[in-house]
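Please read it alongside the sequence and coordinates.

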Amino acid sequence: MEQFLQQVLNGLAVGGIYALVALGYTMVYGVLKLINFAHGDLFTIGAYLGLTLLVSCNLSGLLPVPLAVLAVFIMVALLVALIGFLLERAAYRPLRHAGRLSAVVSALGASIFFQNAVMLLYGARVYVYPDFLRPDFTVHLFGMNVPGVRLLVIAASIMLMLGLWAFIQRTRIGAAIRAVAIDPGAAQLMGINVDRIISLVFLIGPGLGGAAGLMVGIYYGQIDFTMGWSYGLKAFTAAILGGIGNIPGAMLGGLLLGVIEALAAGYIAIAWKDAIAFLVLILILIIRPTGILGERTADKL
Amino acid sequence: MALLTLSGIRVRYGRVEVLHGIDLRVDEGEIVTILGANGAGKSTTLLSISGLVRPFAGEMLFDGKPLLKVPSHEVVGLGIAQSPEGRRVFGAMTVLENLRLGAFCIRDAARSERTLEWIFDLFPRLLERKEQLAGTLSGGEQQMLAIGRALMAEPRLLLLDEPSLGLAPLLVRSIFETVRAINERGVTVLLVEQNARAALRLATRGYVLEVGRVVMEDRAEALLANASIREAYLGG
C-alpha cells in the first residue's frame with residue numbers, strides 16, 4: 001500500500017509536468033489546428049534559462065533560496081512566453097494562409113533551430129542543478145515520508161492548472177480564446193481580434209512549458225538539450241490521450257500518463273514504463289479515438 | 001439617409017469571381033431584403049459587409065465612412081452585427097456565454113445587462129435555456145441565439161442570413177415577427193432570404209440577385225406584385 005501511494009505521488013509530480021507541457025500543445029492546436037513541434041524545445045529553454053538565472057546571475061546569492069527560485073520561476077515563464085510569442089510571429093503567422101503542411105514543416109524547423117541553439121550556446125553535455133536549490137525537507141503523510149520537493153512540484157503544477165482553468169472559464173478573454181478555438185470566423189463577427197488571441201495563446205502555452213522545464217531541473221536535478229524531445233513526446237501523448245484541443249483533457253491526460261508510468265515502473269519494471277505508457281495510449285485511442293474528453297473526430301490530425 | 005451603401009462590390013473566391021459589382025443601399029430604419037437562388041452571392045455580400053470576405057474592387061460606406069479598410073474584428077464595433085448563414089453559434093459554450101460574447105465589443109457592462117434582458121424578452125426560450133450548451137439547442141433555438149448574440153453588440157445595422165432556413169412554418173412566422181419588433185426598436189435590418197414571400201411582406205425594399213449581379217431592385221410591394229418575381233421566387 002505504501003509503495004502504491006508513493007508511486008501515485010511520484011506519478012502525479014511527473015504527470016503535473018506532462019500536463020503543463022501538454023496544455024501548450026493543446027491550446028495551440030485548439031486555435032490554429034497546428035501541432036507546435038517546437039513546444040518541447042521551449043520547455044528545454046525554460047530549464048536552461050532557469051539554471052542560468054539561478055547560478056550564473058547568482059540570484060540565489062542575492063535572495064533567500066525559496067524566494068530566488070520563485071522569482072526565477074516567474075522570470076522563466078515570462079521569458080519563454082516571449083520566445084513563444086516571437087516564434088509564432090516569425091514561423092507561423094507568415095504561413096497562416098499557406099497549406100497546413102507548410103506550417104508543420106516550419107514547426108519542425110523551429111524545433112531543430114531551438115535544440116541546436118541550446119546545444120551551441122551551452123554545449124552538448126548534461127547540466128546539473130545545484131543541490132542546495134532543492135528543498136530537502138520531508139513531509140510525513142499517511143505514515144510515509146514524502147520528499148517535500150515532490151509535493152511542491154505537485155502543488156505548483158496544480159495551482160498553475162487551476163489558474164489557467166479559471167482564466168479560460170471565468171474571464172471575457174478566456175471565453176474569447178474558447179470561441180476562436182470553436183469558430184474563428186464567428187469569433188471575428190463578435191469583434192474578437194483573432195490574431196491577438198493567437199498571440200496570447202503563444203504567450204500562455206510556452207510560459208507554462210518554460211515553467212515546467214524549470215520544475216524538471218529542480219525536481220530531477222539534471223537537464224540536457226534533448227530533454228524537450230522526450231518530455232515533448234510524452235506531453236504530446238498526454239494531450240492526445242485527453243483529447244487534443246481540450247484543455248481539461250490535457251490536464252487529465254498528463255496526470256494520468258504520469259501515474260500510469262510511475263505504477264508501471266514500480267510494479268513491472270522501470271525499463272518498461274515508456275512502452276506501457278504508449279500501450280495505454282493505443283488502447284484508449286482504440287476505444288475512444290477522440291481521446292478521453294475529446295468530442296470532435298480526430299480526422300484533423 | 002443612407003446608412004450603408006455598396007457600389008461596384010466585386011469578390012473573388014480563388015480565381016472565380018462570385019460578385020460582379022453589387023450596388024446596394026440601406027437607409028436608416030429600413031428592413032431591406034436580398035432575394036435570390038442558391039449561389040447568387042447573397043451570403044458573400046453579407047460576409048463582405050462584415051469584412052470576413054474582402055472585395056477586390058468597389059466601395060462601401062457605412063454612416064458616410066469607408067468600410068472596406070476596417071479590420072473585420074472592428075466592424076461590429078462600428079455598429080454592424082451579423083447573424084451568419086448556418087447560425088454558427090459556439091456549440092460547446094452555454095447560451096449565456098454565447099450572448100455575452102456577442103457583447104464582446106461593448107465596454108459598458110450595465111448597458112449590456114439591459115440588452116440581455118431585452119433579448120430574453122424577445123426570446124423567452126433563451127432565458128429558459130441559458131445554462132444549456134448551445135450545441136444541444138434545436139435549430140429554431142439556435143437561430144434565436146444567433147440573432148440574440150448579434151443584438152448583444154447593440155448594432156445600428158443587423159445583417160440576417162437566412163433566419164428561416166430549416167425551421168417549421170410556425171417558427172418562421174414567429175422569427176419574422178421578432179425581426180419586425182427589433183426593427184421597431186430602431187435597428188436597421190438587411191435580410192437575406194430564400195423565403196421570398198415572407199421576406200417581402202416584412203421588408204420595405206428588396207434586391208434580387210442572380211449569379212453575382214443585382215438584376216432588380218424595388219419597393220417590397222412592387223416586387224411582390226411583379227410577374228417575373230412571382231414566377232421565379234414566389235411559386236407562381
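## Conventions

A crossing of two helices is called left-handed if the near helix is turned anticlockwise from the far one by less than a right angle, and right-handed if clockwise. The model is predicted, so local features need pLDDT of at least 70 and side-chain atom pairs count only at pLDDT 80 or more, while totals for chains, interfaces and linings use all residues. Residues are numbered from 1 along each chain as its sequence is written, and chains are lettered from A and ligands numbered from 1 in the order in which they are written.

Helices (H or I, at least four residues) and strands (E, at least two) are DSSP runs, numbered from the N terminus.

## Helix packing in chain A

Helix α2 (residues 39-56) of chain A packs against helix α4 (residues 65-92) of chain A at an angle of about 140 degrees, and their axes are 9 Å apart; here axes are lines fitted to C-alpha atoms, for helices over the stretch in contact, and angles run from 0 to 180 degrees between N-to-C directions. That angle makes α2(A) oblique to α4(A), given that angles under 35 degrees count as roughly parallel, over 145 as roughly antiparallel, 65 to 115 as roughly perpendicular and the rest as oblique. The crossing in which α2(A) passes α4(A) is right-handed. On the α2(A) side the contacting residues include A:Leu42, A:Ile45 and A:Gly46, and on the α4(A) side they include A:Ala68, A:Val72 and A:Met75, with contact meaning that the C-beta atoms of two residues, placed from the backbone, lie within 7 Å. The residues of this contact between α2(A) and α4(A) divide into 12 nonpolar, three polar and no charged, where Ala, Val, Leu, Ile, Met, Phe, Trp, Tyr, Cys and Pro count as nonpolar, Asp, Glu, Lys and Arg as charged, and the others, Gly among them, as polar.

α4(A) also packs with helix α5 (residues 100-122) of chain A, at an angle of about 130 degrees and with the axes 10 Å apart, and the two helices are therefore oblique to each other. α4(A) passes α5(A) in a right-handed crossing, in which A:Leu87, A:Ala91 and A:Tyr92 of α4(A) meet A:Ala103, A:Ser106 and A:Ala110 of α5(A). The residues of the contact of α4(A) with α5(A) comprise five nonpolar, one polar and no charged.

Chain A has 12 helices and four strands. Its radius of gyration is 19 Å, close to the 19 Å that the globule rule gives for 301 residues, so chain A is as compact as a globular protein of that length; the radius is taken over C-alpha atoms, and the rule is 2.2 Å times the number of residues to the power 0.38. The C-alpha trace of chain A spans about 55 × 45 × 35 Å along its principal axes. Buried residues make up 49% of the 301 residues in chain A, a residue being buried if 20 or more other C-beta atoms lie within 10 Å of its own, exposed if 12 or fewer, and partly exposed in between, with C-beta atoms placed from the backbone.

Chain B has 10 helices and 10 strands. Its radius of gyration is 17 Å, close to the 18 Å that the globule rule gives for 236 residues, so chain B is as compact as a globular protein of that length. Along its principal axes the C-alpha trace of chain B spans about 45 × 40 × 35 Å, and 45% of the 236 residues of chain B count as buried.

## The interface

The contact between the chains takes 15 residues from chain A and 20 residues from chain B. On the side of chain A that touches chain B, α7 (172-182) and α8 (184-189) of chain A each supply at least two residues, and α7(A) gives the most, with five residues. By class, that side of chain A has nine nonpolar, four polar and two charged residues.

## Individual loop residues

A:Phe225 lies in the loop between β4 (222-223) and α10 (227-242) of chain A, and A:Phe225 is buried, with 25 other C-beta atoms within 10 Å. Not counting residues up to four places away in sequence, A:Phe225 touches A:Thr44, A:Gln115, A:Val118, A:Met119, A:Tyr122 and A:Ala124.

In chain B, B:Arg87 is found in the loop between β6 (80-83) and α3 (95-102), and its phi is near 70 degrees, a positive value in a residue other than glycine. B:Arg87 is buried, with 24 other C-beta atoms within 10 Å. B:Val211, in the loop between β9 (205-210) and β10 (213-219) of chain B, has a positive phi of about 30 degrees although it is not a glycine, and with 13 C-beta neighbours inside 10 Å B:Val211 counts as partly exposed.
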